[in-house]
Amino acid sequence: MIPQHLRSLFWDTNLENFDPAAYPVYTIERVLEHGNEEAVAWLRRTFSEEQILDVLRTDRHLSPRSANFWALLFGLPAHHVAALHGEL
C-alpha cells in the first residue's frame with residue numbers, strides 16, 4: 001500500500017488496487033525521480049538496497065539529473081547506470 005503522503009507521486013495509478021511489491025521497478029523509479037526525503041525513507045524501508053540498485057542499473061526512465069544524483073549517493077559508477085548511457 002502506498003502511504004497517503006506519497007500518493008501524489010503516483011498520479012496516474014489506481015492506488016486502491018496497487019501493490020508496490022508487485023511492481024517494484026515502477027515504484028522505485030517513480031520515487032527516485034519525483035520523491036522527497038520522506039518518500040525515499042519509505043522506499044528504503046519497503047525495498048532492499050539491491051532492488052534499488054538494480055533499478056539504477058537497468059531502468060532508463062530516470063532523468064540524467066536524478067540518475068546521476070542516485071549514482072553518487074549509492075556509490076554506483078556512472079557507467080553502471082542505465083539512464084546515463086544508451087547501452088550497457
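Ala, Val, Leu, Ile, Met, Phe, Trp, Tyr, Cys and Pro count as nonpolar, Asp, Glu, Lys and Arg as charged, and the others, Gly among them, as polar. By these classes, the lining of the largest pocket has four nonpolar, three polar and four charged residues. The model is predicted: local features need pLDDT of at least 70, side-chain atom pairs count only at pLDDT 80 or more, and totals for chains, interfaces and linings use all residues. Residues are numbered from 1 along each chain as its sequence is written, and side-chain values use heavy atoms, with hydrogens and water left out.

**The largest pocket**

- A pocket is found on a 1 Å grid over the protein atoms alone: it is an open set of points where a 1.4 Å probe fits, with protein on both sides within 12 Å along at least five of seven lines.
- Lining residues have an atom within 4 Å of a point.
- The largest pocket holds about 150 Å³ of space, where a volume is the space filled by probe spheres set on the points.
- Its lining includes Leu32, Asn36, Val40, Arg44, Phe69 and Trp70.
- H1, H2 and H4 each give two or more residues to this lining.
- H4 gives the most, with four residues.
- Helices here are DSSP runs (H or I, at least four residues), numbered from the N terminus.

**Helix H2**

- H2 covers residues 37-46, and Ala39, Val40, Trp42 and Leu43 are buried in it.
- Buried means under 20% relative accessible area, exposed over 50%, and partly exposed in between (1.4 Å probe, protein chains only).
- The buried residues of H2 fall within an arc of 155 degrees seen down its axis, so they line one face of the helix.
- That arc is taken from the directions from the helix axis to the C-beta atoms.
- An α-helix has 3.6 residues a turn, so residues three or four places apart point the same way.
- Glu37 and Arg45 are exposed, on the face of H2 turned away from its buried side.
- Helices H1 (24-34), H3 (49-58) and H4 (64-74) are among what covers the buried residues of H2.
- At the start of H2, a side-chain oxygen of Asn36 comes to within 3.1 Å of the backbone nitrogen of Glu38.

- Glu38 sits in H2, and its 46% relative accessibility makes it partly exposed.
- Thr27 sits in H1 and is buried, at 0% relative accessible area.
- Beyond its neighbours within four places in sequence, Thr27 is in contact (heavy atoms within 4.5 Å) with residues including Phe10, Trp42 and Leu43.

Note on methods
Polar contact = N/O pair within 3.5 Å; in protein donor to acceptor, adjacent residues only side chain to side chain.
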